[in-house]
Amino acid sequence: MTKERIILGIDPGTTIMGFGLIKVVGKTMQFMQLNELNLKKYDDHYLKLKLIFERTIELIDTYNPDEIAIEAPFFGKNVQSMLKLGRAQGVAMAAGLSREIPITEYLPKKIKMAITGNGNASKEQVAKMLQSMLGLKTLPKNLDATDGLAAAVCHFYNSSKVNIGKSYSGWDAFVKQNSPLTPKGGTKTTVVNLRKKKN
């Protein structure tokens, strides 16, 4: 009997968190769902983080994904925006880790490359390609949802390959892979110390 697995893809954000789910049967993927969590009406940054965590837990408990693919924050000039985006990603990852679901991060360019063959493709190009691949009747107004779905599809294409980027099988693995690094050649490196969870 062919084993089924479900992949949850997340495009984290503190304004809109996009997400999509696909079911993989053998070497075939099937569209399940795509949607978004709209946080525009909330002013409190910490409330937004709480809602991202709760919605991710709700998705996990509803669809029981076997794996989570998440878009890694891109490096931009606005430090405050990057910090907020990193926090949004962190709470979504924490939700997955709390349920012991393996998580893999993908850079935006890698996701675009997997879907369209072009690492500089626009959101619209990615959405249109997903529509064609998965037979979607309509596309959402905001394309954050298709970005989340794109992360899941990217993971499907890459999961048979050996090197798929940063993966975390649980909290201990996350801590181990994110231990402090020594900067090389005077490069600025932001170091986050994570203490191991006590059993």
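Q: Which residues in α4 do Lys 112, Ile 115 and Thr 116 in α3 meet?
A: Welcome: this is a predicted model, in which local features need pLDDT of at least 70 and side-chain atom pairs count only at pLDDT 80 or more, while totals for chains, interfaces and linings use all residues. Residues are numbered from 1 along each chain as its sequence is written, and side-chain values use heavy atoms, with hydrogens and water left out. Helices (H or I, at least four residues) and strands (E, at least two) are DSSP runs numbered from the N terminus, and contact means heavy atoms within 4.5 Å. On the α4 side, the residues met by Lys 112, Ile 115 and Thr 116 of α3 are Gln 125, Val 126, Met 129, Leu 130 and Met 133.

Q: By class, how many nonpolar residues does the contact of α3 with α4 have?
A: Ala, Val, Leu, Ile, Met, Phe, Trp, Tyr, Cys and Pro count as nonpolar, Asp, Glu, Lys and Arg as charged, and the others, Gly among them, as polar. In the contact of α3 with α4, two residues are polar and one is charged, and the number of nonpolar residues is five.

Q: At what angle do the axes of α3 and α4 cross?
A: Two packed helices are described by the angle between their axes and the distance between the axes. Axes are lines fitted to C-alpha atoms, for helices over the stretch in contact, and angles run from 0 to 180 degrees between N-to-C directions. The axes of α3 (residues 108–116) and α4 (residues 123–134) come within 9 Å, and their crossing angle is roughly 40°.

Q: What does that angle make α3 relative to α4?
A: Angles under 35 degrees count as roughly parallel, over 145 as roughly antiparallel, 65 to 115 as roughly perpendicular and the rest as oblique. With a crossing of roughly 40°, α3 is therefore, relative to α4, oblique.

Q: Which residues of α5 make the contact with α3?
A: On the α3 side, the contact is made by Lys 110, Ile 111, Ala 114 and Ile 115. By class, this contact has eight nonpolar, one polar and one charged residues. The α5 residues are Ala 150, Ala 151, Val 153, Cys 154, Tyr 157 and Asn 158.

Q: Why is the pair of Phe 156 and Tyr 157 called tilted?
A: Rings of Phe, Tyr and Trp (its six-membered ring) pair if their centres lie within 6.5 Å; planes under 30 degrees apart count as stacked, over 60 as edge-to-face and the rest as tilted. By this rule there is one aromatic pair. The ring centres of Phe 156 and Tyr 157 are 5.4 Å apart, and the pair is tilted because the angle between the ring planes is 50°.

Q: Is Phe 156 buried or exposed?
A: Buried means under 20% relative accessible area, exposed over 50%, and partly exposed in between (1.4 Å probe, protein chains only). Tyr 157 is partly exposed, at 31%. Phe 156 has a relative accessible area of 13%, so Phe 156 is buried.

Q: Which strand holds Gly 18?
A: Gly 18 has a relative accessible area of 0%, so this residue is buried. Its contacts beyond four places in sequence include Gly 9, Asn 35 and Gly 148. In space, Gly 18 is 7.0 Å from Thr 146, C-alpha to C-alpha, although the two are 128 residues apart in sequence. The strand that holds Gly 18 is β2.

Q: How far apart in space are Thr 14 and Ile 52, C-alpha to C-alpha?
A: Thr 14 sits in the loop between β1 (4–11) and β2 (16–25), and is buried at 12%. Along the sequence, Thr 14 and Ile 52 are 38 residues apart, while their C-alpha distance is 8.1 Å.

Q: What is the phi of Glu 100?
A: Most residues other than glycine have a negative phi, and most peptide bonds are trans. Glu 100 lies in the loop between α2 (79–98) and β5 (103–106) and is exposed at 65%. Although Glu 100 is not a glycine, its phi is positive, at about 60°.
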